[in-house]
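Have a look at the fold, then try each task before reading on.

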Amino acid sequence: MAHQSTDPVTPSTPQPELIPAPQAEDEPGDDFDDNDVDSALGTDAASSTNSITESILEYRTIKGRTYHSEKHESKYFTPNDEQQMQSQDITHHYLTIMLDDKLFLAPIKDDIEKVLDVGTGTGIWSIDMGDQHPNAEVIGTDLSPTQPVWVPPNVKFEIDDCTKEWTWPDNTFDFIHMRYLFGAIADWPGLLRNAFRCCKPGGWVQSCECDVHMCSDDGTIKENSVITTFWNPLWRDMAKVLGHSFQVLEERLQNTSFEAAGFVDIKEVNFKLPIGGWAKDRKLAEIGEYTLLTMINDLEGYTLVPWNIVHGENAPGYGETLALLSKELKSKSIHKYMKVRYVYGRKP
């Protein structure tokens, strides 16, 4: 039985109410401007090299897109090529805006010595963390070596599969960061058990996840929309086939796994993630613009493998469905959003 904090775990939502701005008419092609994205796409950093070997540079190719090496048993659904990496960097940007330019919510100490970033992707969070904490060693792990070579001297990247038993010694890290692992994890309790073991006593582990099911609070997602008939059921069907949940928040997999692992002082913070710039609040509208850009930049990358798995590789209608989905995503009259949850806890 996990020890609990003496204070009740009260979910919080530290953001303005998500309501639409007044809109005279739908403007489906005017939701975002490519020029708005600048630093979020950058991967420049200074000095040192990472520890990745060329032998790992073996990718699977599916219809011209590259995916994680077949050396890994993990069934991850997005590509690892440049187009998808851009979307990941934009994702980092909108999540940073959401947290008021912070990289994390856990109350870690200023003098941390060692940080692990699980599923680092492009490495942008690790790089920013290394810049902010120059005296800490920051290690980013992922299935693919898609990170830049030139990074801060206190940052390095390693190939690792977080779904396997972790090879780190007990009590190694002051802070373990995990973000957007939905669809990649079959055993959430096992993941948090590994994190608990490798975290130092007094250290913190934080998980950020998103339920990709799109919602609206005002009924603007219609029953016959492509969001309703294609996008939302796609991820539930994928979960049935793969055995990996895409409804991490709905199933409370973060919360229950933190508790079962033995963490204390567990906190839950919830956000609504708008898609498109329809929100009345300026900050939420900006976040929505970047969320939309993330998706439109690589809608194929997010949906190609799920389509092949659920509908079959030669199933007709993929291109037409994607075009209709893109139009709905850009529509400001459809007030759609997804849900994001941060959960963090301390190892006693």
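## Exercise 1: Helix α7

Task: find which residues of α7 are buried, and check the span of the helix.

Solution. Begin with burial, where buried means under 20% relative accessible area, exposed over 50% and partly exposed in between (1.4 Å probe, protein chains only). The buried residues of α7 are Leu-299, Gly-301, Tyr-302, Thr-303, Leu-304, Val-305, Pro-306, Trp-307 and Asn-308. This is a predicted model, in which local features need pLDDT of at least 70, side-chain atom pairs count only at pLDDT 80 or more, and totals for chains, interfaces and linings use all residues. Residues are numbered from 1 along each chain as its sequence is written, and side-chain values use heavy atoms, with hydrogens and water left out.

Next, the span. The expected span of a helix is 1.5 Å times one less than its number of residues.

Helices (H or I, at least four residues) and strands (E, at least two) are DSSP runs, numbered from the N terminus. The chain has eight helices and nine strands.

## Exercise 2: α1 against α6

Task: how do the axes of α1 and α6 cross, and which residues make the contact?

Solution. Two packed helices are described by the angle between their axes and the distance between the axes. Axes are lines fitted to C-alpha atoms, for helices over the stretch in contact, and angles run from 0 to 180 degrees between N-to-C directions. Here α1 (residues 82-98) and α6 (residues 282-297) have axes that come within 8 Å and cross at roughly 165°. The two helices are therefore roughly antiparallel; angles under 35 degrees count as roughly parallel, over 145 as roughly antiparallel, 65 to 115 as roughly perpendicular and the rest as oblique.

Now the residues, with contact meaning heavy atoms within 4.5 Å. Those on α1 include Ile-90, Tyr-94 and Ile-97, and those on α6 include Ile-287, Tyr-290 and Thr-294. The contact residues divide into seven nonpolar, eight polar and two charged. In this scheme Ala, Val, Leu, Ile, Met, Phe, Trp, Tyr, Cys and Pro count as nonpolar, Asp, Glu, Lys and Arg as charged, and the others, Gly among them, as polar.

Finally, look at Thr-294 of α6. Thr-294 is buried, at 3% relative accessible area. Leaving aside neighbours within four places in sequence, Thr-294 touches Ser-87, Ile-90, Thr-91, Tyr-94 and Tyr-302.

## Exercise 3: Two partners of α8

Task: what are the angles that α8 makes with α6 and with α4?

Solution. Take α6 first: its axis and that of α8 (residues 318-330) come within 10 Å and cross at roughly 170°. That makes α6 roughly antiparallel to α8. Leu-292, Met-295 and Ile-296 of α6 meet Ser-326, Leu-329 and Lys-330 of α8.

Then α4: this helix packs on α8 at about 110°, with the axes 10 Å apart. The pair is therefore roughly perpendicular. Val-226, Ile-227, Phe-230 and Trp-231 of α4 meet Thr-321, Leu-324, Leu-325 and Glu-328 of α8. These residues divide into six nonpolar, one polar and one charged.
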